[in-house]
Amino acid sequence: MCVNDLVVQGAEPLFFLDYFATGKLDVATASRVIEGIARACREVGCTLVGGETAEMPGMYATGDYDLAGFAVGAVERGQALDGTSVEIGDVVLGLASSGIHSNGFSLVRRIVEAAGLAYDMPAPFAPGVSLGDALLIPTRLYVRGCRAALAAGGVKAFAHITGGGLLENIPRVLPDGVAAELDARRWPLPAVFRWLAESGGIAALEMARTFNCGIGMVAVVAPQSVESVTAAMTAAGEQVHRIGHIVPRGADAPGVALLHLESQWPV
């Protein structure tokens, strides 16, 4: 499990193990990979306790490798977040993403190919940066910000915006009978998503179903706790937007309603 998904349940990451497999070990490459993992573990206060390195000649092309890993965390019994206390009137806060994170890349590659671009060319949406570097900005880790929010009190649910985007991840932490109503005017659509939408001719709702669209983590918070939770997450380094609230959900209504898309996003 990734550390962002641990904190969504109210857990504190404890340790991480990795798995690195390749046809023939290149020590310099493996060292850079492990260095990056260790840096991320330090960022969230998680210990890298070990892992496995496997050489499998004939299984991988020269220079290719396979990387996996998982984190283990802990939460006190009875304190896990399950979203059951979410109710009408609660406020939805969105934490800014660092970019595409790690979802939707099958579609991204098709758009890049259709545009006739190479990954070492300048990014059309980020002057001075190559397209490859701009698309591969690492996923933001929200552990410190979310832990600070939990300490402040009033958080009822977190939703990590991964595969399924805003439309499919938020309803997973909501009880029956309620939905999240989001206002697209409340946060900026980052340039990378605007470029993908325009270059790929992707409809706004499909963007919201595929990508994080600028919001990598969502917190559902009691109204009286919004200011203290926002202050705590901001102090922890997060950029926080008040993006919506919890409303009644009709029998056939979606779990997320996105308002004002037509004036804010390419459609």
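Tutor: Let's start with a term: a salt bridge is a side-chain nitrogen of Lys or Arg within 4 Å of a carboxyl oxygen of Asp or Glu. This is a predicted model, so local features need pLDDT of at least 70 and side-chain atom pairs count only at pLDDT 80 or more, while totals for chains, interfaces and linings use all residues. Residues are numbered from 1 along each chain as its sequence is written, and side-chain values use heavy atoms, with hydrogens and water left out.

Student: Okay, how many salt bridges does that rule give?

Tutor: Apply the cut-off and you get a count for the protein. One of the pairs is Arg-185 with Asp-183, at 2.8 Å from N to O. The count comes to seven.

Student: Which residue forms a salt bridge with Arg-147?

Tutor: Look for the carboxyl partner whose O atom is 3.4 Å from the closest N of Arg-147. Arg-147 sits in helix H5 (residues 143-152) and the partner in strand S1 (residues 12-22), so the pair ties together parts 135 residues apart in sequence. Helices (H or I, at least four residues) and strands (E, at least two) are DSSP runs, numbered from the N terminus. The partner is Glu-12.

Student: Is Asp-183 buried or exposed?

Tutor: Buried means under 20% relative accessible area, exposed over 50%, and partly exposed in between (1.4 Å probe, protein chains only). Arg-185, at 48%, is partly exposed. Asp-183 has 11% relative accessibility, so it counts as buried.
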